[in-house]
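Student: Could we go through this structure together, beginning with the terms we shall need?

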Amino acid sequence: MTVFRNLGAALGAAVTVAAVLVTGGTAAAAPPPPLGPAPGPSMPDAPGQDMSKLDKRQGVGEQITPPGPAITVSLKVLRDGALQVQEKVVVPGGQQLERQVPLRVPADDDHDRTYAVRDAKVAGNGTAQATADSLVIKLSGGESTVTYTVDGAVADLAGGQQVRWQVASGWNAELGKVDASFLAPGGPATASECFAGPLGSNKRCTLAEVDHTGVARVQQLILKAGERMDVAVGLAPGTVPANAKFLAVSSVSAAFGFGTTGFVAVGAAVLLLIAGLLLLWRVRRRDASALAGRAEPVEVLVRDGERVYFASPDGVLPGQVGTVVDGTVDVVDISATVVDLAVRNYLWISELRGPNGFLDWQLAKRNAPDEHLHAFERAVFAALLPEGTDSVLLSEVRSGGTLNLGPVRDAMYDDVVAQKWFTRRPDAAGRNKLTWVGAGVTALGAAGTLVLALTVGQALIGIAVALAGIGLTVGASKLPARSERGRSVAGQVPGLLGYLRAAKREDIPPADQEMVFSRSLPYAVVLAETDRWVQAFADLDPSSDGAPGVYWYGGLEGDSDLRRFGQHFPSFLTALDGLLAEAGHRRSVRPEPVPA
């Protein structure tokens, strides 16, 4: 609609210039702009017309009246500003004629003009009914007279007043001729404009003039069905009270316009997004630096007089180390837990030689799980040795294909949250409380945008809220799940790795060597230092404590060192990893700790 209005304005201006050039006259200076919105879209140049001069005859002289219904309209402005209208309509016999007049019409891009019609009557064959939205006239064959009163037809303009009404519009059949005359109180009309054709066009009527008596007269020959005949008549300033009413249009373009409020809202949202990005960058950088920083020495061996004991940083268990470092539960984390359960005397690992000569390993219950085990350790124990099972061969578990590590995985993820090393489960795909808050803010902004666009405008406020919600959702999903305490523990893992690489058997009292070796071995497994650690203690005599062999590993009791153990134990890990991998996991070997 805006395009047609602007096109009409341009064509109207062109016609005016052409008329001046043809008549050899000079264009009058344009008056000041109208007060308030323009009276309507169909006469884009009417508010700026020169009311000091009368319009010249714009049509042809004598013409033959075309066939079709003929209408004669009399317009009279009363002293209170109301417009009294009388329409005499001649309908050819046998025809039915109907008119629907909208009482709200576009005035400019941002406003509509509203009219009110009252006292509608028909003398003759027909009816007239006025509502708040429209005037509907229905007429049958013959001559009928329609009368009604219009409120809202008078508007103040710069330099005068203007009375405007569509004397013919919304008829359902082509009209042969429309004549209209206008009478104003207190003096003659100062100007007359008339446009005919589709709404928004600038095609001028056949005739528009103010005669020598001051009466404005207009005429249109042939008005097609649905077209309008729009008349605007100028009056002297203050002739009658102005009563035109204009309503702001709640259009999509207006609702999303960049006003001061919308600009402030969007600007605030952008600033919040920038601040959020900076905060996110800082948190992620701090998380990465905690893992990639220079390895600091970690006191793993605790001395008590002549004795030496192993103590992990912050009490972290072998099955927890990998998840704290990389945020995932891997096969190696479970394998290290199995070895740790054996080292702590809950399981007994024994290697056997099968009938085919291949090595196999038996897992046997040594002590029942108690309150000293974490939930994930009890889940590992129950997965390998279900209720009622005291021992099992790895080959039997593999051939059975019933090992379910789902509960183990869930328990391990829940455990690192319970230890306060993570603020949420690391496998939660970035979902946390803030992501749900962000999703709620986004939904609120979307709903607000729709409501504002359909009501008061300022839809950019809703868009700004939605942008803030989207930024919060995305940013929250990128926040590291690892807590400050988790970063502290993960930052000590490089020190633990340094201990495994640098420790020497001879630096440990002989009475404590086997215990330190065994307690450290599960950490060597999870940090991929098994070979180096076993090699460092290859000369250890496990029988020096009075018991043959390694206290938690059977089958090599006659050995006086750990060389054969160093050859067989990696085979056990390979078999165990293969079993766990078949249950849906993969072994993750990390030569160095890496950031999550």
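Tutor: Let us begin with burial: buried means under 20% relative accessible area, exposed means over 50%, and partly exposed lies in between, with a 1.4 Å probe and protein chains only. This is a predicted model, in which local features need pLDDT of at least 70 and side-chain atom pairs count only at pLDDT 80 or more, while totals for chains, interfaces and linings use all residues. Residues are numbered from 1 along each chain as its sequence is written, and side-chain values use heavy atoms, with hydrogens and water left out.

Student: Is C205 buried or exposed?

Tutor: C205 counts as buried because its relative accessibility is 4%. C194, at 0%, counts as buried too.

Student: What joins C194 to C205?

Tutor: A disulfide (a pair of cysteine sulfur atoms within 2.5 Å) joins them, with an S to S distance of 1.9 Å. C194 lies in strand 13 (residues 191-197) and C205 in the loop between strand 13 and strand 14 (207-210), so the link ties together parts that are 11 residues apart in sequence. Helices (H or I, at least four residues) and strands (E, at least two) are DSSP runs, numbered from the N terminus.

Student: Which hand does the link of C194 and C205 have?

Tutor: The link of C194 and C205 is left-handed, with -65 degrees about the S-S bond. A search of the whole structure finds one disulfide.

Student: Which residues touch the most other members of the largest nonpolar core?

Tutor: They are W552, Y553, F565, F569 and F572, in a core of 78 residues. Helix 5 gives the largest share of this core, nine residues. A nonpolar core is a set of buried Ala, Val, Leu, Ile, Met, Phe, Trp, Tyr and Cys residues joined through side-chain atoms within 4.5 Å.

Student: What is F569 in contact with, leaving aside neighbours within four places in sequence?

Tutor: F569 is in contact (heavy atoms within 4.5 Å) with V339, L521, V525, T530, W552 and Y553.
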